[in-house]
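My entries follow in the order I made them.

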Amino acid sequence: IEELLAAIRTIDQEGLLPADYHLAALVALQQRLAEGGDITQPELAADFDLLLTDSLVRLGYHLGFGKVDPEALDPDWNMQRQIDYLDAVRRLDEAIHEGGIDALLGSMRPALPAYARLIAALREYRRIAAQGGWQSVPAGPSLRPGMTDPRVTVLRRRLAASGDLSGDMSDSPHFDAAVEAAVRHFQRRHGLTVDGVAGKGTLAAMNVPVERRIDQLRANLERARWVLHDLPAEFVLVDIAGFKVRFYRDGRVIWETRAVVGRPARTTPEFKSRITSIVVNPTWTVPPTILRQDLLPAVKRDPNYLREKNMRVIDRHGRPVDQAGIDWSRYDGFNFPYMIRQDPGPENALGRIKFMLPSKYTVYLHDTPSKELFRRTERTFSSGCIRIEDPYGFAELLLDEDPHWNRERVITAVDSRETRAIHLRKPVVVILLYWTVDIEDDGTVLFKQDIYDRDPPIIKALGEAFHFRKTPVTRDAPPHALGRTPGPTG
């Protein structure tokens, strides 16, 4: 009982609310039972026992699956997981009778180091908040190295409060080398252009209140509870908000590349799939949204557009259609009876390599002819697909168990300009996720921009009342098993 109550009292360290686990009611019942002499003592003991069990169920449920239902935020969410119902009941029973509550709850938490690092970061930012947070830097012209400005004094204090400037307690208004280094450190941590200048964007990030950074950490702890369980030994992670693709093997990142993701009007979805094949020299069939919003207007403005882009019109059976005979003014995209396909080549929108991952979305990982976009800090330029900077390195990793393929052979296949599918001997799991915080191995906290505004709904839901999600979290469960009907309210 004391182990459980201690876990509830400290669960806020993981971004959850002690009130969700009946803390006040449990403490009151425990006090009444300790005082004794109550004629309803057996009833109180039974109430206490039932409420403790419900609290433990809720706590394990949230640590293992998250409090917020991701399907309520995204109806297309496909990363559900389930546990065996009888095994869950057995583990609860053993933990209660053997006094192993701490061990049980520990086994329910995400095991990856990323979760523990997020907890440590949340603790640190709450410490900063308890000390008064940080002062906003007043608006004004960009602050640059070598300048002397009264706002530099405030800038120093702001950077010191978040740990970007250490060992310098000076109130000097001079923008010296120490301040420049601290600004660069801050910019790197917040996904900004690292130039050492405290300009408009950098000052805007600095003036985000510490309370919002705490919320950001809580939202990402919740995401971790959704997905950082039962991961395969080898998988690919697309970090949407971080514009990165990483290849994990045995819990380690063995490869990373920069990525371009969907712009806010055409967001990259979150889902789980498997990379099953690689297509070299792919064709590109224009998706309906792009056809309607981009391509048809372009063709109406410039009759030579399709020829210049190496595109052709085909019917639903793939047969060519004479585009000169099409009255483009009749079509708005919804009623267009044909398809438009771009032939393989250096200017193909998918580049020279496409990585196939079956899903309900027309979303792939692929090469791109627009290499210059990888030099941008914020890379939201696609229509939902993920463009990667190093497609040949990625192909080499995916094919490393196939003796018939290596990097040179992939390049040779690309140079042939023939469209060809290479099926992977072992499909690789790929997970597209949206993280707005990363923690480096040394504890450095990296905040990213919430490019799709996906954090606020999570933060709001974390503060709402407890409820089980609609999809059951247990297999082979009786009708009233976890996740199907509400438990006691206390």
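**Entry 1: second largest pocket**

The model I searched is predicted.

I looked up the volume of the second largest pocket. About 1000 Å³ of space lies in it. I then asked which residues of its lining are closest to the centre. They are W284, I290, A349, S383 and R387, out of 39 lining residues.

Which of them has the largest share? I found α12 there, with 6 residues.

I got 18 nonpolar, 12 polar and 9 charged residues.

**Entry 2: cavities**

Rolling a probe the size of a water molecule over the atoms shows where empty space is left. How many cavities of 30 Å³ or more does a search of the whole structure find? I noted 4.

I took the largest cavity. It holds about 90 Å³ of space. Its lining has 13 residues, and L398, L399, D400, E401 and K426 lie nearest its centre. The elements that give two or more residues to this lining are β3 (244–249), α14 (391–398) and β14 (420–433). The largest share comes from β14, with 4 residues.

I checked the classes in the lining of the largest cavity too. There are 6 nonpolar residues and 7 charged ones, with no polar residue.

I moved on to strand pairing. Strands of a sheet pair through backbone hydrogen bonds, either parallel or antiparallel.

I then went through the pairs around β7. Strand β7 covers residues 311–314 and pairs with β9, residues 339–342, in the antiparallel sense over 4 bridges. In that pair, R312 stands opposite R341.

Strand β7 also pairs with β8, residues 320–321, in the antiparallel sense over 2 bridges. I wrote down the bridge partners. V313 has V321 in β8, and I314 has P320 in β8.

I looked at the turn between these two strands. The hairpin of β7 and β8 has 5 residues between the strands. Which residue there takes a positive phi? I found G318, near 85 degrees.

**Entry 4**

I checked another set of pairings. Strand β5 (residues 271–280) and strand β10 (residues 353–356) pair in the antiparallel sense over 4 bridges. Here I278 stands opposite F355 in β10.

I followed β10 to its pairing with β11 (residues 365–366). The two run antiparallel and are joined by 2 bridges. I looked for the partner of K354 in β11 and found H366.

I picked I214, which is found in helix α11 (residues 210–227). Is it buried or exposed? I read a relative accessibility of 11%. Buried means under 20%, so I214 counts as buried.

I asked what covers I214 from elsewhere in the sequence. Leaving aside its neighbours within four places in sequence, I214 is in contact with L122, Y125, R126 and A129. I took one of these for a distance. R126 is 88 residues from I214 along the chain, yet their C-alpha atoms are separated by 6.9 Å.

**Entry 3: whole chain**

The chain has 16 helices and 17 strands. Its C-alpha trace spans about 95 × 70 × 50 Å along the principal axes.

I looked up burial for the chain. Buried residues make up 48% of its 490 residues. The accessible surface comes to about 23700 Å². Carbon and sulfur atoms hold 52% of that surface.

Residues 24 or more positions apart account for 67% of them.

Definitions and conventions:
Residues are numbered from 1 along each chain as its sequence is written. This is a predicted model: local features need pLDDT of at least 70, side-chain atom pairs count only at pLDDT 80 or more; totals for chains, interfaces and linings use all residues. Side-chain values use heavy atoms; hydrogens and water are left out. Two strands pair if DSSP finds at least two bridges between them. On a 1 Å grid over the protein atoms alone, a cavity is a set of points where a 1.4 Å probe fits but cannot get out, and a pocket is an open set with protein on both sides within 12 Å along at least five of seven lines; lining residues have an atom within 4 Å of a point. Grid points are joined across faces, edges and corners, and a volume is the space filled by probe spheres set on the points. Ala, Val, Leu, Ile, Met, Phe, Trp, Tyr, Cys and Pro count as nonpolar, Asp, Glu, Lys and Arg as charged, and the others, Gly among them, as polar. Buried means under 20% relative accessible area, exposed over 50%, partly exposed in between (1.4 Å probe, protein chains only). Contact means heavy atoms within 4.5 Å. Accessible areas come from the Shrake-Rupley method with a 1.4 Å probe; for residues, only the protein chains shown count as cover.
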